[in-house]
Amino acid sequence: MDIIQLKHINKRYDDGFIALKDINLKIESGKFYSLLGPSGSGKSTILRIIAGFTQPTEGEVWFDGKNITDLDPAKRQINTVFQNYALFPHLNVFENVAFGLKIKKLPLSQIKPKVKDALHMVRLDGYANREISELSGGQQQRVAIARAIVNEPKVLLLDESLSALDKRLRKEMQFELRAIQKKLGITFIFVTHDQEEALSMSDEIFVLNDGKIQQNGSPVDIYDEPINDFVARFIGESNLLPGRMIQDYEVEFANHHFQCADAGMKANEKVEVVIRPEDLDIVAPEKGKLVATAQTQLFLGDHFEIKAIDTDENEWLIHSTNGCQLNERIGLYFDPEDIHVMRQHESQADFDARLESYEGEESNDE
Ligand SMILES: Nc1ncnc2c1ncn2[C@@H]1O[C@H](COP(=O)(O)OP(=O)(O)OP(=O)(O)O)[C@@H](O)[C@H]1O
C-alpha cells in the first residue's frame, strides 16, 4: 500500500530558482527508500516537502489516502532525523528522547517505558543519564533516531544523517539503520549523495538530478539497467561508448558488431553502450571480443583495476581478479547480457517522454 504520494510537485524558491520539476513518486509502507543525487539536485527539498517544513509551489502531498499538502508538520505522522542530529546539548539522553512526548503532555509513567523501548531499539540501554557531550558521533546519531522513533511515526525521514560519521562508523550505522527499519517495520526515506550507501541499504532508490527524478527502481535495476548516461555515470563506474543498433539483439561499437540483449530500437539508431568494469574479463587476445593494451594497473586488495586502450582507441576500465603486465596485449571478454544499450543524445523532451512511458509500464506491472 502507498503511504506517501507526491503528485506533480513543483518548487520555485522566492528568488525564482526552480528546485523541483514535476516530481511524482509513490512510497509504500514498510520499505527502505533512498533519494540519491548530487548536491543541489533537490533531495532535501523533497524531504522538507514531505515533512511539511517547505510548501510546494504546485502539486499535492498525500499520506495514507489523505491530501496533507496544507497540514501542519507537527500533525503529520512523519519524523525527521537531520544531518546535524539537532540534539539539545543541555539535556541528557533521556530528556532528549522524551522531549516530544513531554510536549504532548504525556504523564511520566507513560514516557519512561516508551523512552526505554526506544533506547533499547537503538542499542543504547543504560545510556539514559549520559550527557550528549559524553557520546560518540555514532551514539549521538542513535539518540537522534531514538528521539524520532519514540513518537511512533509511520514514516521516518533521514537527511544525510550519516554524513558526519567517519567511514567505518558510517558502514556500521548503515547496517544498524537497516536493522532498525526491519525491526520497526516502518517506512524510511533516506537522503544521500553516496551511491554505494543507497545501493547497499535500499529496497528502492529514486535517482535525482537537476530537480527531476531520473530513474526509480531496485538497486539491481538501477545498477544493471541505467536509463540514461547521467544514471550510468552516477551509479558506479562505467565504460560508456558511442554505438549504433544494427538490428534487434545486435549492436556495433568499438568498430565491431556484438550480440546484445536489447531489442525494440530502430536499425541504425545511435546509442550509447554501458559495460560495467566488473563485467569485463581479461583473456588471451585470440579469445577476446576486443583486443586492448594494458596502460595502468592498481591492486585493490580483492581485485585489480586496469585501464586499457582497444585497437579502436577506446579507453576501458576493467575490474578483474586476474592481473596482467603493463603494455601487454590482452583480450576483453563480456557476455551479451552485460552490454547495456541506451539511446544517445536524447533531447530533454524525448527523455521526458521515455521516462513517462517507462513509468507507465511500471504502473501497468502493478
Ligand atoms: N531557501 C532556498 N532559496 C533558494 N534556493 C534554495 C533554497 N533552498 C534550496 N535551494 C536551492 O534548491 C536546490 C536544491 O536544494 P536541495 O537542498 O534540495 O538539494 P540537495 O540535493 O539536498 O543538495 P545537498 O546534497 O547539497 O543538500 C539547490 O540549488 C539549492 O541551492
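Which helices do the buried residues of H3 pack against? In this predicted model, the buried residues of H3 pack against helix H2 (93-103) and helix H4 (137-149).

Helix H3 itself covers residues 108-121. The buried positions of H3 include Val115, Ala118 and Leu119. These residues lie on the same side of H3, because they cover an arc of only 95° around the axis. The spacing follows a general rule: an α-helix has 3.6 residues a turn, so residues three or four places apart point the same way. The other side of H3 carries the exposed residues Ser109, Gln110, Pro113, Asp117 and His120. Just after H3, Arg123 takes a positive phi of about 60°.

Strand E17 (residues 304-310) pairs with strand E18 (residues 315-320) in the antiparallel sense, and six bridges join them. Within this pairing, Ala308 stands opposite Trp316 in E18. Four residues lie between the strands of the hairpin, and Glu313 takes a positive phi near 70° there. For strands in general, side chains alternate between the two faces of the sheet when the strand is regular.

The last stop is Val341, placed in strand E20, which runs over residues 340-343. Is Val341 buried or exposed? Val341 counts as buried because it has 21 C-beta neighbours inside 10 Å, where 20 or more are needed. Leaving aside residues up to four places away in sequence, Val341 touches Val251, Cys260, Asp262, Val271 and Val273. Glu28 is another matter: it is 313 residues from Val341 along the chain, and the C-alpha atoms of the two are separated by 30 Å.

Terms used: Residues numbered from 1 in each chain as written. Predicted model: local features only at pLDDT ≥ 70, side-chain atom pairs only at ≥ 80, totals over all residues. Pairing = 2+ DSSP bridges. Helix = DSSP H or I, 4+ residues; strand = E, 2+ residues; numbered from the N terminus. Expected span 1.5 Å × (residues − 1). Buried ≥ 20, exposed ≤ 12 C-beta atoms within 10 Å, placed from the backbone. Arc of directions from axis to C-beta. Contact = placed C-beta atoms within 7 Å.
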